[in-house]
Amino acid sequence: MTKKWEVYAFRYAAMPERYEAELFIGGRTDANWGMDYFFWMLRSGEEVIVVDTGANSAKMPAKGRTPLISIEAALAGVGVNAADVDKVFLTHAHWDHVGNLDSFPKAHFWMQQAEMASITGSDMTFAKIRGAYQSDEVQRLVGLVYEDRLTFLDGDGSFADGVDYLFMPGHSAGQTALQIETASGPLLLASDAVHYYREVAEELCFLAFNDAKEMLAGLRKCKALVGGNWDRMIPGHDPQITWRYPAETRLDNGDPVALRVDLPAMKPLEL
Ligand SMILES: [Zn+2]
């Protein structure tokens, strides 16, 4: 029988004001979407897979983001010690996803070969593409290769029993999503192949990309995978995740941190 996984989204940072015009081609200047920042964890019995490592909290204020909790504290809240984690899957290498690689000193990492080729090659001569990455973080990823701690993926495949990875380039050259078996059925953890539910429902064109046409094709692929059932999809940055799913841990002010996105949503989706 296929293994079933619990899926956690940790809301570690937020940007309460993020207007549609800053997010999508042709977006309205007066529509505030906000943006939440997540990293994820899959758990099945004793087995833990961390998905992405969030942004480095020291770098966030200068970029206008408010860090809410360290990733170590977020994991500790659900009984996981970051220093003991042995598997970290990287969906892509944008700064808000690989900012805390050294918080996982015992971990092995997995990432698409296409992402590494992009972030160490001529793509980075374009300032607009390079802007989503941090030089020190890219250098740290190269360091992990030299430490035999990074395995390259090439396209689609199986990562673990009940966890498949799906290559969805466009937003970045190596953007990858995960299809995860849960007790309530398959769940597509889209990461930034989709940032917001409305982005995929309306086929909106996000303003940060490596290849716009590939990115739009990825939206269609995600839509087809969930067959129009949006509750089977977890986008990378939608604040609706924070307010629709059951929270296992909260900040002192009551705002959710650890969200169980494999459980049924508590509120209907707004599209
Ligand atoms: Zn992101």
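Student: In this predicted model, which residues of the largest nonpolar core touch the most other members?

Tutor: The largest nonpolar core has 77 residues, and Tyr-12, Val-51 and Leu-189 touch the most other members. A residue joins such a core if it is buried, belongs to the nonpolar set, and is linked through C-beta atoms within 7 Å. In soluble globular proteins, nonpolar side chains tend to be buried together.

Student: What makes Tyr-12 a contact partner of other residues, and which residues are they?

Tutor: Contact requires C-beta atoms within 7 Å. Setting aside neighbours within four places in sequence, Tyr-12 is in contact with Tyr-37, Phe-38, Phe-39, Gly-54, Pro-67, Leu-68, Ile-69, Ile-71 and Ala-74.

Student: Why is Met-60 called buried?

Tutor: The cut-off for a buried residue is 20 or more other C-beta atoms within 10 Å. Met-60 has 22 such neighbours, and therefore counts as buried. Met-60 lies in the loop between strand 3 (47-51) and strand 4 (66-67).

Student: Which residues does Met-60 touch?

Tutor: Not counting residues up to four places away in sequence, Met-60 touches Ala-13, Ala-55, Arg-65, Thr-66 and Pro-67. Ala-13 is 47 residues from Met-60 along the chain, and the C-alpha atoms of the two are separated by 8.6 Å. The contact criterion refers to C-beta atoms.

Student: What makes strand 8 and strand 12 edge strands?

Tutor: They belong to an open sheet of 5 strands, ordered 8-9-10-11-12 with mixed pairing. Strand 8 (157-160) and strand 12 (233-235) each pair on one side only, and are the edge strands. On average, neighbouring strands of this sheet are turned by 25 degrees against each other, direction ignored.

Student: How do you know that strand 11 pairs with strand 12?

Tutor: Pairing needs at least two bridges. Strand 11 (residues 185-191) and strand 12 are joined by 3 bridges and run parallel. Ser-191 has Pro-235 in strand 12 as its bridge partner. Helix 7 (residues 212-226) packs on the sheet, where it touches strand 10 (176-182), strand 11 and strand 12; the direction of helix 7 makes about 165 degrees with that of strand 11.

Note on methods: Residues numbered from 1 in each chain as written. Predicted model: local features only at pLDDT ≥ 70, side-chain atom pairs only at ≥ 80, totals over all residues. Helix = DSSP H or I, 4+ residues; strand = E, 2+ residues; numbered from the N terminus. Buried ≥ 20, exposed ≤ 12 C-beta atoms within 10 Å, placed from the backbone. Contact = placed C-beta atoms within 7 Å. Axes fitted to C-alpha atoms, helices over the stretch in contact; angles between N-to-C directions.
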